[in-house]
Amino acid sequence: MHEFRYRNNSLYCEEVKIKDLVKRFGTPLYVYSYQTLINHFVKLEEAFRPINPLICYSVKANSNLAILKALVDKGAGLDIVSGGELFRAQRVGCQPKKIVYASVGKTDREIEEAVKLGILFFNVESYPELENIQHIAKKLNKTAYVALRINPDVEPKTHKYITTGKLTNKFGIDFRSAKQIILLASGFSNLRITGLHIHIGSQITSPDPFVAAIKKVIGFIDKLKKEGIKLEYLNIGGGLGIIYDRESPQTAAKFAAKVLPLLRKTGLKIIMEPGRFIVGNAGILVTKVLYVKNTPKKKFIIVDSGMNDLIRPALYNAYHNILALHKKNRLEKADIVGPICESGDFFAKDRELPKVEEGEYLAIMSAGAYGFSMSSNYNSRRRPEEVMVVKDKVFVIRKRESSVDLIRNETVPFFLLSR
Ligand code: PLP
């Protein structure tokens, strides 16, 4: 599944010993395997080849320019959610007609930039947003293209924070309203609804919720067809789960076997927006053990990474496998915690972990998606270095932040300086 393996008891990324990376770059350190990244993209592409979808990698999962460029060079489009992500997409030379833009809260400026650029379409989440896009496109004397994001009201059986396709979630439009909106929008002069979009959640490990949502949308498309409303695109979103713990693997082939026959029947051009599936297992976070602290109740392994570097355990109680860089046979029950002043600052709780000493290193696995991209400077911590390994070569793809980076945009008002 990925290119992080032990060789002679040392953990490697492709052909590079991770301990050597630690010596060179220090910790905390994000390490990405180029081969793993590309393999996941290619696996999806191959599994869906019969319908030749446009795979728009979801930039939010990991928005580093090197990751984006690697995928765009292989033919990926990009799924974006902000003006900042549009900027990144342009920086890596993504063709505008391979960019789709979701988000419930697009600002006028963001819409304007995307209309001017001529992206493939906006995934629109409400009628007021649709009216605003029409208004802006008219002002610019351009045509904006839109896929209506449908909320199919299905249960994706994932964490509630990453469930997006239930009617109690803020995302998308219910079927009844969608039909009314499509009819109303037919009178818009500068906007065309060319497709439908769904995205029911993230880290979904069974194909069943996708099948349920796609079936509902296909029923809706058929109804529209009968009324003479024709569409070009169906965007099935992202959400494919990966293995963090003991999840059964949702391979691209197994997923395709279930959904491809349904999608083929639509006759529409299919768009996909995977993020985690492509980059999740392609990255790890390497951290140093600072202290081992024994208390009457627990053993705490205190490391130099915190929730600011990788927030998933704190935010979703997410599980990440944790390995020692030097393979250990002895295990012991402990918590792995960071240095931040929050009790939610942990990477593992009450878990049988490799028995490590102070000064040793741990690898937090499957940290490629929603790791660095959700990181922050909380506690005035400098964000980690990111490196990409390609066989036996190593490339720095983001420098470790400096102390000056932390205060770069801050100013002390004159009246305070004069005291
Ligand atoms: N598309 C949309 C609209 C999303 O909101 C997300 C994630 O939140 C994705 C795609 C990517 O999801 P995943 O990384 O689970 O594939």
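**Pockets and aromatic contacts in a predicted model**

Good morning. The lining of the second largest pocket draws at least three residues from each of domain 1 (4–31 + 280–407) and domain 2 (103–272); these bounds come from an automatic or database domain assignment. The model is predicted, so to speak of local features requires pLDDT of at least 70 and side-chain atom pairs count only at pLDDT 80 or more, whereas totals for chains, interfaces and linings use all residues. Residues are numbered from 1 along each chain as its sequence is written, and side-chain values use heavy atoms, with hydrogens and water left out.

Let me stay with the second largest pocket. A pocket here is an open set of points, on a 1 Å grid over the protein atoms alone, where a 1.4 Å probe fits, with protein on both sides within 12 Å along at least five of seven lines; lining residues have an atom within 4 Å of a point. The space in this second pocket is about 230 Å³, a volume being the space filled by probe spheres set on the points, which are joined across faces, edges and corners. Its lining has 13 residues, and H2, I243, Y244, N321 and S366 lie nearest the centre. By class, seven are nonpolar, four polar and two charged. Nonpolar covers Ala, Val, Leu, Ile, Met, Phe, Trp, Tyr, Cys and Pro; charged covers Asp, Glu, Lys and Arg; the others, Gly among them, are polar.

I turn to the largest pocket. Its volume is about 960 Å³. Among its 43 lining residues, S58, K60, V81, E85 and Y370 are the closest to the centre. The lining comprises 15 nonpolar, 16 polar and 12 charged residues, and domain 1 and domain 2 each contribute at least three residues to it.

Next, the aromatic residues. The structure holds eight aromatic pairs, where rings of Phe, Tyr and Trp (its six-membered ring) pair if their centres lie within 6.5 Å, and planes under 30 degrees apart count as stacked, over 60 as edge-to-face and the rest as tilted. Y30 and Y32 form a stacked pair, 6.1 Å centre to centre with 5 degrees between the planes. Ring pairs link these two tyrosines, Y30 and Y32, with F372 in a cluster. Why does Y30 count as buried? Its relative accessibility is 0%, and buried means under 20% relative accessible area, with a 1.4 Å probe and protein chains only (exposed is over 50%, partly exposed in between). Y32, at 1%, also counts as buried.

Finally, the charged end of R7 sits over the ring of Y12, 4.6 Å from its centre. This requires NZ of Lys or CZ of Arg within 6 Å of the ring centre and within 35 degrees of the ring normal. K349 places its charged end over the ring of F346, 4.4 Å from the ring centre.
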